[in-house]
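Please examine the structure shown below together with its sequence.

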Amino acid sequence: MHGVREAWLADPIHFTLDPWTDPWKEHGISDLSELREHHEQELQSLRERLRATEKERDDLAGNGDLQKLREELARARNAETAAMAELESSSRRELSATAELQRLQLGMSKAQGLRKEMQVEADYLGAQSISRCLELSRNNKTMLDSLMFEQSQSRSLCTQSKQPYSS
């Protein structure tokens with residue numbers, strides 16, 4: 001530890017601390033050899049697994065299974081792409097149909113409102129027409145009565161003028 005400090009004091013700019021001989025690290029020199037051995041065992045285990053996986057891959061490739069799997073994967077991806085496109089198209093059609101339905105419902109609602117307004121107006125105009133017809137009918141009856149009265153007056157004058165005057 002003192003030797004590392006003295007090396008640093010002598011040349012602090014170019015000083016580098018060797019990670020294997022660092023006196024301030026958690027593990028000592030004896031621990032390092034154990035850690036190194038442990039990591040080498042793990043590395044060896046990983047290498048063996050890699051070799052086994054490569055051998056399995058080569059076996060599959062030799063049988064043509066790998067190519068078949070790749071083709072099947074490509075077909076599955078194409079089917080998925082087609083299904084997604086169909087789903088998107090269906091969603092667009094559904095949105096379009098929903099918008100059209102809402103537009104038609106709004107149009108129907110407006111048409112029903114106009115129909116009610118026209119019915120009220122027709123009822124009002126019908127009542128006015130009936131009222132006018134009754135008024136005209138009363139006026140005609142009054143004129144007819146007046147005409148009949150005039151005609152009866154005129155007949156009575158005619159009959160009186162034909163009779164000899166008696167006084």
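The protein contains three helices and zero strands, where helices (H or I, at least four residues) and strands (E, at least two) are DSSP runs numbered from the N terminus. Along the sequence the pattern reads α-α-α. This is a predicted model, in which local features need pLDDT of at least 70 and side-chain atom pairs count only at pLDDT 80 or more, whereas totals for chains, interfaces and linings use all residues. Residues are numbered from 1 along each chain as its sequence is written, and side-chain values use heavy atoms, with hydrogens and water left out.

Of the 167 residues in the protein, 2% are buried; buried means under 20% relative accessible area, exposed over 50%, and partly exposed in between (1.4 Å probe, protein chains only). The protein exposes about 15500 Å², of which carbon and sulfur atoms supply 57%.

Side chains of opposite charge can pair when their charged atoms come close. A salt bridge is defined here as a side-chain nitrogen of Lys or Arg within 4 Å of a carboxyl oxygen of Asp or Glu, and by this rule there are five salt bridges.

One of them joins Glu100 to Arg103, with the closest N and O atoms 2.4 Å apart. These two residues lie three residues apart in helix α3 (residues 65–162), and are therefore separated by about one helical turn. Glu100 is partly exposed, at 35% relative accessible area.

Lys141 forms a salt bridge with Asp145, the closest N and O atoms being 3.3 Å apart. Lys141 and Asp145 are four residues apart in helix α3, so about one helical turn separates them. Lys141 is exposed at 52% relative accessibility, while Asp145 is partly exposed at 42%.

Definitions and conventions: Areas by Shrake-Rupley, 256 points an atom, 1.4 Å probe, with all protein chains shown as cover.
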